[in-house]
Amino acid sequence: MVTMQDVAERAGVTKQTVSNVVTGRVAVRPATEARVRAAIAELGYVPNLVARSLATGSSRTVGLFVPTVSAPFYADVVEEVEDALEERGYRLLLCTTRHDGERARRHLAALASRSVDALLIAGDQDLTGHLPLLADARFPVVLCAWEAALPDGFPVVTVDYEHGGHLAGRHLRELGHERALVLASPAHTVRAAGFLRAFREDGVELPADAVRTAADPTFRGGLVAALDALRARPATTALFATHDVLAVAAVEAARALGRTVPDDLSVVAHDDTPAGLLSGTALTSVVLPKREMARRAVDLALGAAAPPGTRPQLLLPSLVPGASTARAAGPSGA
């Protein structure tokens, strides 16, 4: 196996100079760095990160768990975390669960024994039941984008999802809507609860079947659920979709039933991701501060971490009006 000493001899420098080039902690003259990197490439040297972490007490690496990188929300989180880490001289080790609980468990168990300086877990999907694996982790663990019940023992920075649903409800109530539906993903019960609270505050109690869950929270699954809901409740004038892709499905369902958005049906989306652009209508949407959340999570993990047991940091979403909502027709919307 090629060693750092082999690289030093090939480049005609000291072993410490090679170390400085590899770690980036001490500046090296460009010409010298070029010789060292050429020797590394020629010999195929791979730094021993574990040995280096034992020597320095830091691997300059932070792990990040996300359910997937195919969803725009998590893609933005990954990019922001990586940028924030690079600014501080750290590298990102990314793991995806791909909505597979066993895959999540394996990766989490393996990562717990690696030499990382911290671990960020974005999103509660697939991992909630496996967090005890991190009880004895030798590095800080920070949770973010957490929507399920918050576990004890971990610092958390997340979004107030209940407030997001409430914003959607308040917007539709201010437009005079009384007959509304919620098209929700199974994981978004908190968003739906916030929406119902906004109506309840005005004395409008929506019936239990006003919340329709798309068992398959994709466009196709949302389309099926939206068609079923709108057919069952044809007097509906407003719909809140707990995710943008479901909002796009709701707009398409309305069109398939001969209804126009927003004249016949006002639609509010949640997340403000590029998926919302596919509806052909500028969607009114609850916007999440996902990039700020990602940066705060990095801050918590790298030294500014609140001690376990402290209250979670809840960032507030905002609502951006678009062309998909309008005042309700009739006396209540006049």
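This text walks through the fold of one protein chain, sheet by sheet and helix by helix. The model is predicted.

Begin with the overall make-up. The protein chain holds 11 helices and 12 strands. It has 334 residues, and 49% of them count as buried. Now look at the contacts with a separation of 6 or more. Residues 24 or more positions apart account for 70% of them.

Next comes one of the sheets. Six strands form an open sheet, in the order β2-β1-β3-β4-β5-β11. The pairing here is parallel. In general, strands of a sheet pair through backbone hydrogen bonds, either parallel or antiparallel. Which strands stand at the edges of this sheet? They are β2 (91-96) and β11 (313-315). Each has a single partner strand, so one side of each is left without a neighbour in the sheet.

Strand β3 (residues 118-122) and strand β4 (residues 141-144) run parallel, joined by 4 bridges. Within this pair, Ile121 stands opposite Leu143 in β4. A helix covers part of the sheet too. Helix α5 (residues 72-87) lies across β1, β2 and β3. Its direction is at about 160° to β2.

Thr61 is found in strand β1 (residues 61-66). Is Thr61 buried or exposed? Its relative accessibility is 13%, so Thr61 counts as buried, because the cut-off for buried is under 20%. Leave aside its neighbours within four places in sequence. Thr61 is then in contact with Tyr90, Arg91, Leu93, Val116, Asp117 and Ala118.

Now move to another open sheet of 6 strands. Its order is β7-β6-β8-β9-β10-β12, and its pairing is mixed. The edges belong to β7 (211-213) and β12. Each of these has a single partner strand, so one side of each lacks a neighbour in the sheet. From one strand to the next, the twist averages 20°.

Strand β6 (residues 180-184) and strand β8 (residues 238-241) run parallel, with 4 bridges between them. Ala180 stands opposite Ala238 in β8. Two helices pack on this sheet. Helix α8 touches β6, β7, β8 and β9, and its direction makes about 170° with that of β6. Helix α9 (residues 219-232) touches β6 and β7, at about 160° to the direction of β6.

Further along the sheet, β9 and β10 also pair in the parallel sense, over 4 bridges. There, His270 has Val286 in β10 as its bridge partner. The other neighbour of β10 brings an antiparallel pair. Strand β12 (residues 318-320) is joined to β10 by 3 bridges, and the two run antiparallel. Val287 has Ser318 in β12 as its bridge partner. Which way do the residues of β10 (residues 284-287) point? Thr284 and Val286 point one way, while Ser285 and Val287 point the other way. All four are buried.

Helices meet each other as well. Helix α7 (residues 161-174) and helix α8 (residues 189-201) have axes that come within 6 Å and cross at roughly 40°. The two are therefore oblique to each other. Their crossing is right-handed. Among the residues that meet are Gly165, His166 and Ala168 in α7 and Ala193, Gly194 and Phe195 in α8.

The axes of helix α1 (residues 4-11) and helix α3 (residues 30-43) come within 9 Å and cross at roughly 120°. That makes α1 oblique to α3. This crossing, too, is right-handed. The contact residues include Asp6, Val7, Arg10 and Ala11 of α1, and Val36, Ala39 and Ile40 of α3.

Loops deserve a look as well. Thr260 is found in the loop between α10 (244-256) and β9 (266-271). Thr260 is partly exposed, with a relative accessible area of 37%. Thr260 and Ser324 are 64 residues apart in sequence. In space, their C-alpha atoms are 9.6 Å apart.

Finish with the cysteines. A disulfide is a covalent bond between the sulfur atoms of two cysteines. How many disulfides does a search of the whole structure find? The count is 0. Cys95 is buried, with a relative accessible area of 13%. Cys144 is buried too, at 0%.

Note on methods:
Residues numbered from 1 in each chain as written. Predicted model: local features only at pLDDT ≥ 70, side-chain atom pairs only at ≥ 80, totals over all residues. Heavy atoms only, no water. Disulfide = S-S within 2.5 Å. Buried < 20%, exposed > 50% of the residue type's maximum accessible area, 1.4 Å probe, protein only. Pairing = 2+ DSSP bridges. Axes fitted to C-alpha atoms, helices over the stretch in contact; angles between N-to-C directions. Parallel < 35°, antiparallel > 145°, perpendicular 65-115°, else oblique. Left-handed = near helix turned anticlockwise from the far one by under 90°. Contact = heavy atoms within 4.5 Å.
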